[in-house]
Protein chains: 2
Amino acid sequence: MTVTREHVLAVVQSYCDLLTTGTAAQIADLYADDATVEDPLGADVLKGREAIQGFYATIEPLDRHGELKLVRATNNEAAFSFELTIKHENGGMVIAPIDVMTFNDEGKISSMRAFWTQDDIKQL
Amino acid sequence: MTVTREHVLAVVQSYCDLLTTGTAAQIADLYADDATVEDPLGADVLKGREAIQGFYATIEPLDRHGELKLVRATNNEAAFSFELTIKHENGGMVIAPIDVMTFNDEGKISSMRAFWTQDDIKQL
């Protein structure tokens with residue numbers, strides 16, 4: 001399979017859409033079996049499907065909304081800014097990272113690194 | 001020297017400011033002597049002070065304006081979106097990349113990779 005820039009852009013959009021509507025399993029399906037996730041930078045690097053699905057399982061039960069803001073992509077890498085809003089009965093928060101992803105030859109995400117710190121969280 | 005997140009943020013701001021007002025030498029001064037620049041992704045990787053200064057020399061004589069839009073940083077990495085507007089008598093263009101930089105222990109940029117394609121250039 002030749003991966004195109006259009007495919008990479010579509011996966012990034014799906015990722016942000018699934019942050020709103022997806023299960024942890026659906027989000028993890030975007031990743032390669034041996035993919036790595038470092039979110040945020042400096043955190044332990046998660047490796048493999050089980051660890052990555054477990055990571056997204058923490059947001060699965062929440063009232064959440066993902067919105068893609070800006071994306072720049074080639075046929076095997078992407079950098080994009082997005083906002084993840086999480087609401088609860090007493091308020092909520094908005095996390096606004098820039099994520100950097102690499103893609104393998106099958107078009108799956110092979111690595112994701114999320115650039116954000118506590119300073120990039122806004123309380124609602 | 002312990003490099004701080006504040007230092008990294010300040011260098012990113014300086015970089016964008018110098019895209020407006022700086023000489024190629026001033027911009028190159030932000031980089032480590034053995035730094036690498038890949039701009040845009042997929043282009044030949046430039047290595048070292050001379051090559052990097054030469055890269056910025058191409059914009060030095062132009063009517064240009066750099067503006068930082070969004071930055072996310074740790075104490076040794078940054079990702080940021082910015083716009084570089086170049087004007088000439090018949091119009092101009094805006095290039096809007098997301099750049100990813102790493103920093104060495106002296107607080108100099110050790111690598112820069114610019115995420116953009118021809119699709120991210122807007123003609124004025």
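How many salt bridges does the rule find across the interface of chain B and chain A? In this predicted model, the rule finds 8. One of them joins the side chains of Asp120(A) and Arg5(B), with 3.9 Å from N to O.

Which elements of chain B give two or more residues to the side that touches chain A? They are the strands E3, E4, E6 and E7 of chain B, and their residue ranges are tabulated here.

| Strand of chain B | Residues |
|---|---|
| E3(B) | 63–73 |
| E4(B) | 77–88 |
| E6(B) | 98–103 |
| E7(B) | 109–115 |

The largest share of this side, 5 residues, comes from E4(B). By residue type, the side of chain B that touches chain A divides into 12 nonpolar, 3 polar and 6 charged residues.

Now to the extent of the interface. Contact involves 21 residues of chain B and 21 residues of chain A. The area buried between the two chains is about 1700 Å², and carbon and sulfur atoms give 62% of that area. Three residues, Arg72(B), Ile98(B) and Phe115(B), supply 35% of the area that chain B buries against chain A, more than any other three residues.

Finally, how do the copies relate to each other?

Definitions and conventions:
Residues are numbered from 1 along each chain as its sequence is written. Chains are lettered from A and ligands numbered from 1 in the order in which they are written. This is a predicted model: local features need pLDDT of at least 70, side-chain atom pairs count only at pLDDT 80 or more; totals for chains, interfaces and linings use all residues. Side-chain values use heavy atoms; hydrogens and water are left out. Contact means heavy atoms within 4.5 Å. Buried area is the accessible area (1.4 Å probe) that two parts lose on being put together, summed over both. A salt bridge is a side-chain nitrogen of Lys or Arg within 4 Å of a carboxyl oxygen of Asp or Glu. Helices (H or I, at least four residues) and strands (E, at least two) are DSSP runs, numbered from the N terminus. Ala, Val, Leu, Ile, Met, Phe, Trp, Tyr, Cys and Pro count as nonpolar, Asp, Glu, Lys and Arg as charged, and the others, Gly among them, as polar.
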